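Hi everyone, thanks for coming. Let me walk you through an interface today, so please have a look at the screen.

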Amino acid sequence: MFTNKLKPTWCKGCSYFGVRKALSDALQEMNITPTAVNIFSGIGCSSRLPLWMNTFGLHGVHGRAIPIAIGSRIARSDIPVIVVGGDGDLFSIGIGHFVHAARKNFNLTVLCMDNRCFAMTKNQASPTSPKGYIGTYTPYGKLSEALNVIEFAISSEVTFVAQSHVGNLKHLTDIVVQGLHHEGFSFINIIAPCRLHHPKSDLFEKNNYYDINNEYSHDPSDKKLAVKYALNSIKHSRIDEPSVPVGIFWRNTMKETFEQGVAELHNREIKKSLQKTS
Amino acid sequence: MLNPANFKISAPKIKKERNNILLDGNEAIALGAITAGCQYFSAYPITPATQIGEYLSKIILKYMGYVYQAEDEIAALASAIGASFSGVKSMTATSGPGLSLMQELIGLTSMIEIPVVIVDVQRVGPSTGMPTKYEQSDLFAAVFGGHGEGPRIILSSTNVQDNFKLTIKAFNLSEQYQCPVILLSDIAISNTVQTVHIKNFEQIELINRKIVDNTVMANDDIYSEYARYQNTESGISSLLVPGISSIAYRATSVEHDENSYPDHSPENRSLQMEKRFKKLDNLVKDHSDLYEVDFSDITDYGEVDFAIISWGFTASVVKETVNKLRFDGYKISSLYPRLIYPLCQEVIEKIALQTGILFIPETNFFGQYSRLIRMYTTIKPIQINNYGGEPFSPQELYNEIINHLKNVHK
């Protein structure tokens, strides 16, 4: 219902087909009208996703999906907005925009399709690639550690921080639904390994993930524990190392969204003008 | 939520009998934006454009609009694009350094054919330059700044009145032609307080984008399409807006076909390139109010002593200089274009045909408008350049012109 007739140019068996299905199913479950939702993306394999949906969308320039989304949210707060991007688009070139939108708590859902590399430009290291990663610009191994996007998101005051993976579409769809439901900045990191560049990755193994909510009864209102689980998320950042935590790490429903602040200012203006005329 | 499309003018209370107001350059832009129906403004503070956002932020809430202070110029323009994509008239304002940052996104709006207004209040460059000094050196950046080739319209103000009028015009043009419009102002105009004459405030013409609304129904087939970029005769194809249109599309920065699907075939690429550019074919012809021509009465070759073309704040100086020279007995044709690009070629050639001497004084190093004319015509203007960071004075320009004329006649 939410996908269009075009054949995606993703490789056969690409993890991203799973993301597209989960997003489509989630939108279906939320009963959203396709012509009343915006999906914004930047550049990269991940960012091509909107092209193969039938909603409104803008496949824009590298790293700038989030500020484009902000304009849409302020101008038309009646239109829900989803941002999709890769680990490069969102956390390399786009990382500055991520922080500002997050701390202002814009009501957006950001899906990072994390394959821990720059896939479209044929395998360079990305911020979420582990130390030692062999990419075409780092043939002797990436010097720096991976960015822990979960910890980063929690420090950036994101009010809904979650992680899932394409190996469990039921879990992924459920997390996306909860992210869409959340009124505020929702960030969902989706581990989606690249079949072309890392065909033997252990991240394809479903047993290498553990569910922090269902298996470990983590309560997402516990920020300290959320950070603890988040730190675990990077310990296993080597492509071939197992055990990645998934689930909802942190959720804060008490923070006002930016759009609510804007609406409040407009309401005050309306009250003022009514008082003048009365 | 802001009000998309169909904005009704109910701008600041100006008493009916008063149709002159005192404004500075930046205030005039802010007032022009509100009058034009701008509902979303986003900017990053930068000298000398900061006050545009300041003035707007005080009044825009009354019109259910919003001023968003972005984290940088890239985010400012990006959010204006997102707001415009979602149906709302949007603007950003910056100076030279910000314009440089925005180039990639200006190219994006060209490619996806979304209206947006970008104000550049010029200052001395390059780089940080002299933030509080005057220059008109961003013409090249405005016209040629982005990589690749996409349609843009460049306007330029000569005074505070222009700032008000041309901001409205910028919105009208960007809505009509669905492309970015850059309005070049400068620090001299920002710091000038002048009377702005507004006759018939309520009758100012506004143009809104053509939208396909929900009267055009999607097919029962879930794969319904609408040719958002259909190759119409004018090149202008109607917009689809989320929550208003019954059919959706995904704008894409890659080359696309009429349905906005990626298509890199040579045939499609050539077609879309031509479609985007032919939108501007009739612009110069249809908007002759954008170049102020002051032909001498004499139209035969040789009867005019010289011609002069000037843009930006310099035009205001040139007008005084021309008055002085006419008083001395010189016969002069002058042109003060507000439309910098596309070039008003015919008018320029007409002026140049009257005389062999065409002066173009500019406060920049290259003589940017002069170079633009050389690109498109065989005219060889005489450049008078000043790049010390201050405007010409009428006396200075007068002396320069007299000297040149003496040398020419030797």
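Before I start, two strands count as paired if DSSP finds at least two bridges between them, and strands (E, at least two residues) and helices (H or I, at least four) are DSSP runs numbered from the N terminus. This is a predicted model, where local features need pLDDT of at least 70, side-chain atom pairs count only at pLDDT 80 or more, and totals for chains, interfaces and linings use all residues. Residues are numbered from 1 along each chain as its sequence is written, chains are lettered from A and ligands numbered from 1 in the order written, and side-chain values use heavy atoms, without hydrogens and water.

Now, the strands. E2(A) is joined by 3 bridges to E9(B), residues 250–252, and the two run parallel. Opposite Thr252(B) in E9(B) you will find His59(A).

How many residues does each chain bring to the contact? Chain A gives 47 and chain B gives 47, with contact meaning heavy atoms within 4.5 Å. Together the chains bury about 3800 Å², 67% of it on carbon and sulfur atoms; that is accessible area (1.4 Å probe) lost on being put together, summed over both. In chain A, the most area is lost by Phe56(A), Arg76(A) and His266(A), together 17% of what that side buries.

As for polar contacts (N or O atoms within 3.5 Å; within protein, one able to donate a hydrogen and the other to accept it, with sequence neighbours counting only if both atoms are side-chain atoms), 16 residue pairs make them across the interface, both residues at pLDDT 80 or more. On the chain A side, H2(A) gives the most, with 7 residues.

Note on methods. Buried area = accessible area lost by both parts, 1.4 Å probe.
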